[in-house]
Amino acid sequence: MEYFTTGQFAKLANVSERTLRYYDKIGLLKPSKIKKNGYRNYSKDDLFRLQKIILLKKLGFPLEEITIMLVENDEGWVDTLRMQVNLVDQKIRYFSSLKETLKKAIEIVADEGMSLKKTVDLLNLLSSDEEIVEQYRNATNLRVRIQLHHLYSTNPVEWFSWLRQKIDFSKINRLLELGCGNGDLWIGNAVDLRNREIFLSDLSEGMLEDAKSRLSDEYSFMQMDAQNIPFKKDFFDAVVANHLLFYLSDLPLGLSEITRVLKKSGVFYASTYGKSHMKEINELAQEVDSRIRLSTTFLPEQFGKENGKEILSRYFDDVERFDYTDTLVIDQAKPVVDYIVSCHGNQNEILSGRLHEFYEFVRTKIENQGSITVTKEACLFIAQNKKSIK
């Protein structure tokens, strides 16, 4: 096999030797051969890997994501590149809007001059590009977590079908879903939507764009905060909050808003997790580094299976809990690593430069055990007979 020195390889690939040293340090691209004197030699296979890295960087992927993508098969690459296409589409819409706004700003400034307020407004507008990227990254992360459940759940009735079956549509003309994500609850929906108004909302524009692209125009889509619902009192027959309430910074405010927009006879459907939900995934991450926390807060303590009925009973007279029984049996490493990387905690900071090492750890564990069994502990609260909130 033909080998290249670091200098030859850098020149051949049109990158700096410093870049190669950094990629080696973080485990992204290690040389195929290291001589006794410490000199690094690269092969043609290394060159092919480097070209992939360069391509993915040009497409806007961060190095941490590239590390995992390099172990994907072609199907995995296609899925990931499709996500990037969606992000590009969203940025195109943003820049088209930005262009028109800037044209109007030019006209106003030319006629009236530049004030402090106009300067601040323009700066806020220009900074929103970062928000768009973050919103879409959140949507992508949600999709990754949902995908793990789709692929490896043992319950023959998947979560969204089970949840939809629990909603009594016979009494619903107007329904609001808070935190609809990518609209999975309504995929494959067999309910007749004629003469019904279904409003799907989310705080993230990226997630709403996903939902819009997957669903028909029979649904109405709105970007909103569940703590500030822009509808009048007694407007909805039902409100759905699927795995949402534990994210609210002010849960009492959110529940007050929900009870306000629900009719007196309305029904609230709120799902959540128990304290043992996905515990094996957390334990797996902490085997590598005990400092890892996959969430900045322990979500079931905010609103969970154990305390949900008590919390909702402050706002509703009748609260009933339904448990969803399931486990995950996972026989592939990459979906586990993707799931962990997508979480809201400190794992990416701690695993920085060690992601490939972590992947190998998970792969070896699955290879030795045959699979990883993960506890799922999800439930749905159905609440009605709203109390008078003073």
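Start at two helices. Select α10 (residues 279-288) and α13 (residues 333-342): their axes come within 11 Å and cross at roughly 85°. So α10 is roughly perpendicular to α13, the class for angles of 65 to 115 degrees; under 35 counts as roughly parallel, over 145 as roughly antiparallel, and the rest as oblique. Axes here are lines fitted to C-alpha atoms, for helices over the stretch in contact, and angles run from 0 to 180 degrees between N-to-C directions. Show side chains next. I281, L284 and A285 of α10 meet V336, Y339 and I340 of α13; contact means heavy atoms within 4.5 Å.

**Before moving on**

The model is predicted: local features need pLDDT of at least 70, side-chain atom pairs count only at pLDDT 80 or more, and totals for chains, interfaces and linings use all residues. Residues are numbered from 1 along each chain as its sequence is written, and side-chain values use heavy atoms, with hydrogens and water left out.

Now zoom out to the whole chain. It has 15 helices and 10 strands. Helices (H or I, at least four residues) and strands (E, at least two) are DSSP runs, numbered from the N terminus. Of the 390 residues, 46% count as buried. Buried means under 20% relative accessible area, exposed over 50%, and partly exposed in between (1.4 Å probe, protein chains only). Take the contacts between residues at least 6 apart in sequence: 74% of them join residues at least 24 apart.

**Stop: the sheet of 7 strands**

Colour the strands in the order β6-β5-β4-β7-β8-β10-β9. This is an open sheet of 7 strands with mixed pairing. Two strands pair if DSSP finds at least two bridges between them. At the edges stand β6 (219-223) and β9 (316-330); each has a single partner strand, so one side of each has no neighbour in the sheet. From one strand to the next, the twist averages 15°.

Go to β4 (residues 174-178) and β5 (residues 197-202). They run parallel and are joined by 4 bridges. Pick R174: its bridge partner in β5 is E197.

Pick N242, which stands opposite S271 in β8. Is β8 mostly covered or mostly open? It is mostly covered, with 9 of its 12 residues buried.

**Stop: the nonpolar cores**

In soluble globular proteins, nonpolar side chains tend to be buried together. A nonpolar core is a set of buried Ala, Val, Leu, Ile, Met, Phe, Trp, Tyr and Cys residues joined through side-chain atoms within 4.5 Å.

Which members of the largest core touch the most other members? Select L245 and F268, out of 60 residues in that core. Setting aside neighbours within four places in sequence, L245 is in contact with L251, L255, I258, F268, A270 and F303. Another core, of 25 residues, lies apart from the largest one; Y152, M278, Y339 and I372 are among its members.

**Stop: L185**

Select L185, in the loop between β4 and β5. This residue is buried, with a relative accessible area of 1%. Not counting residues up to four places away in sequence, L185 touches F160, L163, R164, E177 and V240. Its C-alpha atom is separated by 9.6 Å from that of W162, 23 residues apart along the chain.

Select β1-β3-β2, an open sheet of 3 strands with antiparallel pairing. The edge strands are β1 (4-5) and β2 (33-34), each pairing on one side only. Between β1 and β3 (residues 40-42) there are 2 bridges. Here F4 stands opposite Y42.

Step to T6, in helix α1. T6 is buried, at 16% relative accessible area. Beyond its neighbours within four places in sequence, T6 is in contact with E17, L20, R40 and Y42.

Finish with α1 (residues 6-13) and α3 (residues 44-58). Their axes come within 11 Å and cross at roughly 45°, which makes α1 oblique to α3. Show F9, L12 and A13 of α1 against D46, L47, L50, Q51 and I54 of α3: these residues make the contact.
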